[in-house]
Amino acid sequence: MEYIAALQNMSIDQLTAVIEVLQRSSDSYFYIYDFSKDTYIVTGKMLQRFPFENTVTENASSFFKKLMYPSDFPKVDADLAKCASGEQDTHCLEYRWLDRKGKIVWIECRGTVITGNGGHRLLFGRVTELGKEAKADNITGLRREVRFQYDAEEILRDRPQSINYMMRIGIDNFKEINEKEGVEAGDNVLRELVDCILAIVDTKVDVYRLMADEFMIVDSIPGSGKAAGDIYNAIKNKVAETQREKEYNCFYTISAGVMQNEFEDKGAGDIMRLTEFALNEAKRKGKNQMAMFDRDAYDEFLKRLDIRKLMRRDINDNFKGFQVFYQPIVSTPDYKLIGAEALLRWGCEKYGNVSPAVFIPILEESGLIIPVGRYVMWQAANTCKKWREILPDFHINVNLSYVQIHKSDLMSDVDRCISEVGIPPESLVLELTESGYIETDSRIKDLFRDLKTKNVDVALDDFGTGYSNMRYLKEIEAKTVKIDRSFVVQALKNDHDYNIITHIIDMAHDLGSYVCMEGIEEEDELNKMMKTKPDMIQGYYFGKPSSKDQFEENFLQSKNML
Ligand code: C2E
Ligand code: MG
Ligand code: MG
């Protein structure tokens, strides 16, 4: 065959030129292996990706030992030996190479042996990275996530400074579309959105479909100068325009998370994680918007994950690091100690004492508030039992989280706690944060009814901070309403809020509830707020939250608080 003879007569330089030309039109890598000289010739592109020192490698068979994954080598070596000896004329195997960073890459290597006049045998072929071959997505026609990972690795490794932005786009209510309108409508939305994206971005910009309803846009065109925010807005407008044209046949909005810098020393996995964080931030802030990756917010997020891990460890170590503090509650107008609120504390070596405002939401999100809530209840009940020996009417307030109500059998915990510890039910007061759910949530109503039949009192906490509604004061028949410190502070500053508090207290009394005023710090504050006639006071003026021992020392020796 003439063309084979032509190749045989070429110099190494000429052969290299041939494979370099072929290389331009393919994602695979081309090579020539000259068995008699044991020389391996590769393209410049292959050189960037794999640990060849030069496009021409002498003593190739010993170099292969370094290039191939050790356990694959014998199989490949045997196959190549057959090609060299003439036993076979093709090489076609899947095996593993190591890239320049020593990472494993699955490849398929195919080659054909060409024999010249003098029996000179050459293997001429190509190497394809198997991961790169991931099929395009059938719905949108875009390349998939695996391909993004390969491409991103390459750009991040070879030219991170050329990246203008990487934008991860997600459809805000995609799950709902699939559920309500059907999977076909969902597929149409995906196609429609891709058309909008492709209509806006430059043809040289890469767009990939990630999982489900998310897309990644990578602009690494040198000097593109396009701002991510402009692109996002243009896509959004295009989506709105398409929806109008299609007469709002299926409505959806999109959010985006964007990285614009910090690409150095990152891999594709990092980009996936960081853009996911930014996209979640955009959704968390209300969806239908774009969020730039924010390093500080991300560090904060990581810190919360770390705190969660440390708290989980501590819970499993017999609640090490957790402690229940107690803050006195006094009656008016005699200022006698009548009870205390149990307040959870947590600290660790790494972060010191962490505020409940930080760790309580983490316990709630993770469900850990369930075991910790039980721990607080038992601790508080035991303490209450002990203190009732000194003050027979003493009661203890324990804060409850909605997570405990929804995700655990709270009523049976309460029953068990009261009987195991042996305290009268009326000495336990459960505090629940005032919120808009109370009215509609049947579980909460059931719980309140059960607590009432069992004689356990309920206090409505944080009154005045949110959805203050006198109607559900009536509905749940809370024994006590706790007016939040922030509201009290406002009332101390202006007459309007002072009058509102006065009226709220009157109304609460009319409905048969007691009022506990929180956050009184100074004597003049006490004097002013006493005119509004609260029934109980809890505040730094009478005592800060303190450990059980400290509380006993400070408050139980002298029962009169002043
Ligand atoms: P809360 O239930 O409204 O508790 C009252 C908070 O106000 C406590 O903050 C207390 O230290 C603070 N406080 C009381 N008097 C004053 C005052 O005069 N001045 C000022 N500046 N603050 C005062 P803390 O202990 O930081 O707790 C914050 C919140 O964390 C609590 O608010 C409660 O919602 C939650 N929490 C604490 N312990 C638990 C618990 O065991 N379970 C649950 N679910 N939540 C808890
Ligand atoms: Mg409370
Ligand atoms: Mg409160």
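Donors to a metal are taken here as N, O and S atoms within 2.8 Å of the metal, and water is not among the atoms, so sites may look incomplete. In this predicted model, the magnesium ion (ligand 3) is coordinated by Asp461 through OD and by Glu518 through OE, at 2.0 to 2.2 Å. Asp461 lies in strand 18 and Glu518 in strand 20 (residues 514-518), so the pair ties together parts that are 57 residues apart in sequence. A separation of 3.8 Å was computed between the magnesium ion (ligand 3) and the magnesium ion (ligand 2), and Asp461 coordinates both.

Ligand 1 sits in the largest pocket. Its shell comprises 22 residues, the closest being Glu341, Arg345, Asp461, Glu521 and Tyr540. By class, nine of the shell residues are nonpolar, five are polar and eight are charged. At least two shell residues each come from strand 14 (337-348), helix 12 (356-366), strand 16 (395-400) and strand 18 (457-463). Of the contributions to this shell, that of strand 14 is the greatest, with four residues.

A nitrogen atom of ligand 1 lies 2.6 Å from an N or O atom in the side chain of Glu521, and for the side chain of Gln327 the distance from a ligand nitrogen to an N or O atom is 3.0 Å. On its own, ligand 1 has 800 Å² of accessible area, of which the protein covers 82%.

Methods:
Residues are numbered from 1 along each chain as its sequence is written. Chains are lettered from A and ligands numbered from 1 in the order in which they are written. This is a predicted model: local features need pLDDT of at least 70, side-chain atom pairs count only at pLDDT 80 or more; totals for chains, interfaces and linings use all residues. Side-chain values use heavy atoms; hydrogens and water are left out. A residue is near a molecule or strand if one of its heavy atoms lies within 4 Å of it. A polar contact is a pair of N or O atoms within 3.5 Å; within protein, one must be able to donate a hydrogen and the other to accept it, and residues adjacent in sequence count only if both atoms are side-chain atoms. Accessible areas come from the Shrake-Rupley method with a 1.4 Å probe; for residues, only the protein chains shown count as cover. On a 1 Å grid over the protein atoms alone, a cavity is a set of points where a 1.4 Å probe fits but cannot get out, and a pocket is an open set with protein on both sides within 12 Å along at least five of seven lines; lining residues have an atom within 4 Å of a point. A molecule sits in a cavity or pocket if more than half of its atoms lie within 2 Å of its grid points. Ala, Val, Leu, Ile, Met, Phe, Trp, Tyr, Cys and Pro count as nonpolar, Asp, Glu, Lys and Arg as charged, and the others, Gly among them, as polar. Donors are N, O and S atoms within 2.8 Å of the metal (3.2 Å for Na, K and Ca); water is not among the atoms, so sites may look incomplete.
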